[in-house]
Amino acid sequence: MKKTWIDKSMCIGCEACVSIDEDDILFMDEDGLAEAKENDKELINCQMVCPTGAVKIGEDK
Ligand code: SF4
């Protein structure tokens with residue numbers, strides 16, 4: 001199943017993924033960590049730009 005989600009335990013809040021997300025699916029939450037709205041997208045570019053591998057594509061864990 002297509003879906004982009006964030007593993008917050010790996011996120012360092014650099015905002016790189018949000019800054020290039022043209023679909024406006026990713027945003028920064030109140031704790032300064034990335035979060036994804038409900039979606040059926042594969043945000044490959046966002047995944048590639050993340051320095052920690054926190055942007056996940058596919059099934060939620
Ligand atoms: S690019 Fe990765 S580490 Fe940076 S805010 Fe996004 S998910 Fe977090």
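User: By class, what residues make up the shell around the ligand?

Analyst: Ten nonpolar, two polar and one charged. Ala, Val, Leu, Ile, Met, Phe, Trp, Tyr, Cys and Pro count as nonpolar, Asp, Glu, Lys and Arg as charged, and the others, Gly among them, as polar. Bear in mind that this is a predicted model: local features need pLDDT of at least 70, side-chain atom pairs count only at pLDDT 80 or more, and totals for chains, interfaces and linings use all residues. Residues are numbered from 1 along each chain as its sequence is written, and side-chain values use heavy atoms, with hydrogens and water left out.

User: Which residues around the ligand come nearest?

Analyst: Cys11, Cys14, Glu15, Cys17 and Cys50, out of the 13 residues around the ligand.

User: OK, Glu15 then. Where is Glu15 found?

Analyst: Glu15 is in the loop between β1 (4-6) and α1 (16-19). Those elements are DSSP runs numbered from the N terminus: helices are H or I with at least four residues, strands E with at least two.

User: Is Asp24 buried or exposed?

Analyst: Exposed, because its relative accessible area is 52%; the cut-offs are under 20% for buried, over 50% for exposed and partly exposed in between (1.4 Å probe, protein chains only). Glu15 has 44%, so Glu15 counts as partly exposed.

User: Switching to Asp29. Where is Asp29 found?

Analyst: In the loop between β2 (26-28) and β3 (34-36). Asp29 counts as buried because its relative accessible area is 10%.

User: What does the side chain of Asp29 make a polar contact with?

Analyst: The side chain of Lys8, at 2.3 Å. A polar contact is a pair of N or O atoms within 3.5 Å; within protein, one must be able to donate a hydrogen and the other to accept it, and residues adjacent in sequence count only if both atoms are side-chain atoms.

User: Last one, Asp7. Buried or exposed?

Analyst: Buried, because the relative accessibility of Asp7 is 8%. Asp7 is in the loop between β1 and α1, and its side chain makes a polar contact with the side chain of Ser9 (2.5 Å).

Definitions and conventions
A residue is near a molecule or strand if one of its heavy atoms lies within 4 Å of it.
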